[in-house]
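Subject: Structure handover

Hello,

Please find the structure below, with notes on what turned up in it.

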Amino acid sequence: MKRRVVITGLGVCAPNGVGLPAFTKSIKNGTSGIRFQPQMEAMNFSCQIGGIPQISEEKKREYFTELQLRNFNANGILYGVMAGMDALKDAGIKTVNQEDAPNWGLGIVFGVSTSGVDKFRESIYKLDDNNVRRLGSTAVAQTMMSGVSAYLSGMIGAGNMVTTNSAACATGTEAIIMGYERIASGQATQMLCGSSGEDGPYIWGGFDAMKVITYKHNDNPEEGSRPMSATASGFVPGSGAGALLLESLENAQKRGATIYAEVLGGHVNSGGHRGTGSMTAPNSEAVQLCIEKAMEQAEISASEIDYINGHLTATTKDALEIENWSKALNRKGSDFPYINSLKGMTGHCLAASGSIEAVSTIIQMNEGFIFPNINCEDLNPEITALIDAQKIPMQSISTDIKTAIKASFGFGDVNACVIFRKN
């Protein structure tokens with residue numbers, strides 16, 4: 001008998017809002033967090049815009065001690081710790097003191113694609129200069145893939161499974177599913193789930209070289225990320241972190257916690273680089289199967305879905321994603337659910353995208369609105385041939401969302417899809 005799993009805490013560190021109040025205001029208003037990045041111009045990037053969370057030195061010290069910040073140079077860990085700690089606070093979970101026993105029922109799954117790249121670069125230069133003794137005692141913690149999870153575990157005393165996952169752009173959504181399965185199977189009571197994405201030229205350079213990020217909007221950054229638009233010219237790189245505290249329904253009710261939504265189920269799969277699938281392109285059969293299996297796991301029908309939070313990156317694959325949704329749900333035209341893409345406001349936050357977008361999904365469900373799709377007034381005609389344009393709101397609309405579906409598709413031909421319900 002599977003245990004029911006609910007969401008009791010949210011945290012977010014996004015380019016258009018750090019913390020739930022700022023982020024909620026931004027998505028309601030369609031506020032972009034994409035800005036011109038002088039460093040990218042100085043380094044001769046074709047794309048010179050990106051989404052980076054705005055965090056003051058004072059803000060950092062709300063989460064880290066002066067000792068922890070000494071020689072600290074890992075923005076992905078910064079974002080992940082901030083989002084994770086905020087989610088715990090939002091859920092009313094008190095951290096364990098150093099002298100107390102670990103919280104054996106609380107675990108962490110916090111995903112990344114990379115960790116501490118700037119710190120790693122700094123370390124390489126010191127090693128090349130024969131200064132190994134100047135690396136500092138935290139170089140390993142800042143560069144290991146499980147760095148976010150490890151930092152958070154030490155701060156909160158998590159005693160259950162503490163790990164990281166990495167599945168490119170599907171990472172955040174996959175982390176939620178992993179945490180859900182851990183609780184549903186009775187192996188944990190609470191799981192802090194999320195993902196973090198780093199920023200900067202050493203993260204984004206490879207995408208610039210691949211020519212998959214836009215170079216046409218360096219003079220008007222806020223118009224650069226254009227999911228579902230006929231003039232979409234590539235994604236805008238972004239960064240940040242999102243976090244959700246998942247908990248067994250029984251435990252949440254026992255402690256009187258606020259319940260945002262229930263996680264009904266999800267599915268993860270791969271197209272195996274077969275058919276249309278490759279390192280950078282999705283196997284449509286696998287995408288559709290992932291959506292179908294998620295609904296099967298959640299024990300719902302496609303007709304119950306009110307809203308889709310799409311992956312939709314502002315590349316040539318947007319129309320294909322809509323086609324895959326339409327086929328998997330067997331819904332089209334005016335029967336298609338409402339759909340939007342957060343990436344118009346944040347850019348593509350890579351490993352962090354799934355978790356940040358999941359947080360945005362839960363906020364919309366609880367506040368009864370659908371945020372606007374910005375920069376797609378010129379909808380791609382291949383998309384409007386499949387679904388009614390009214391299902392792609394350009395302005396924030398008030399509506400009740402009972403059942404929502406969130407999917408992420410990543411490099412390596414990997415897919416993750418999760419379904420939420422507001423009770």
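In these notes, a residue is buried under 20% relative accessible area, exposed over 50% and partly exposed in between (1.4 Å probe, protein chains only). The model is predicted, so local features need pLDDT of at least 70 and side-chain atom pairs count only at pLDDT 80 or more, while totals for chains, interfaces and linings use all residues. Residues are numbered from 1 along each chain as its sequence is written, and side-chain values use heavy atoms, with hydrogens and water left out. Helices (H or I, at least four residues) and strands (E, at least two) are DSSP runs, numbered from the N terminus.

Salt bridges

A salt bridge here is a side-chain nitrogen of Lys or Arg within 4 Å of a carboxyl oxygen of Asp or Glu. The count by this rule is 14.

E296 and K293 form one of them, at 3.8 Å from N to O. Both residues belong to helix α12 (residues 284–298) and sit three residues apart, about one turn of the helix. E296 is exposed at 52% relative accessibility, and K293 is partly exposed at 30%.

K59 and E62 form another, with an N to O distance of 3.3 Å. K59 is partly exposed at 26%, whereas E62 is exposed at 55%.

E357 pairs with K343, and their closest N and O atoms are 2.8 Å apart.

Strand β1

Ten of the ten residues of strand β1 (residues 5–14) are buried, so the strand is largely enclosed by the rest of the structure. Two strands are said to pair if DSSP finds at least two bridges between them. β1 pairs with strand β8 (residues 240–248) in the antiparallel sense, over eight bridges; V5 has S248 in β8 as its bridge partner. Three bridges join β1 to strand β9 (residues 261–270), also antiparallel, and there V6 is partnered by E262. With strand β2 (residues 17–18) the antiparallel pairing has two bridges, and C13 stands opposite V18. β1 and β2 make a hairpin, with two residues between them.

Helices α9 and α15

The axes of α9 (residues 171–184) and α15 (residues 353–367) come within 5 Å and cross at roughly 70°. Axes are lines fitted to C-alpha atoms, for helices over the stretch in contact, and angles run from 0 to 180 degrees between N-to-C directions. Angles under 35 degrees count as roughly parallel, over 145 as roughly antiparallel, 65 to 115 as roughly perpendicular and the rest as oblique. The two helices α9 and α15 are therefore roughly perpendicular to each other. In the contact (heavy atoms within 4.5 Å), G172, T173 and I176 of α9 meet G354, S355 and A358 of α15.

Positive phi

Which residue in the loop between α2 (38–42) and β4 (49–51) is worth a look? N44 lies there, and its phi is positive, about 65°, although N44 is not a glycine. N44 is exposed, at 68% relative accessible area. A314, also not a glycine, has a positive phi of about 80°. A314 is in the loop between β10 (307–309) and α13 (318–329) and is buried, at 0% relative accessibility.

Regards
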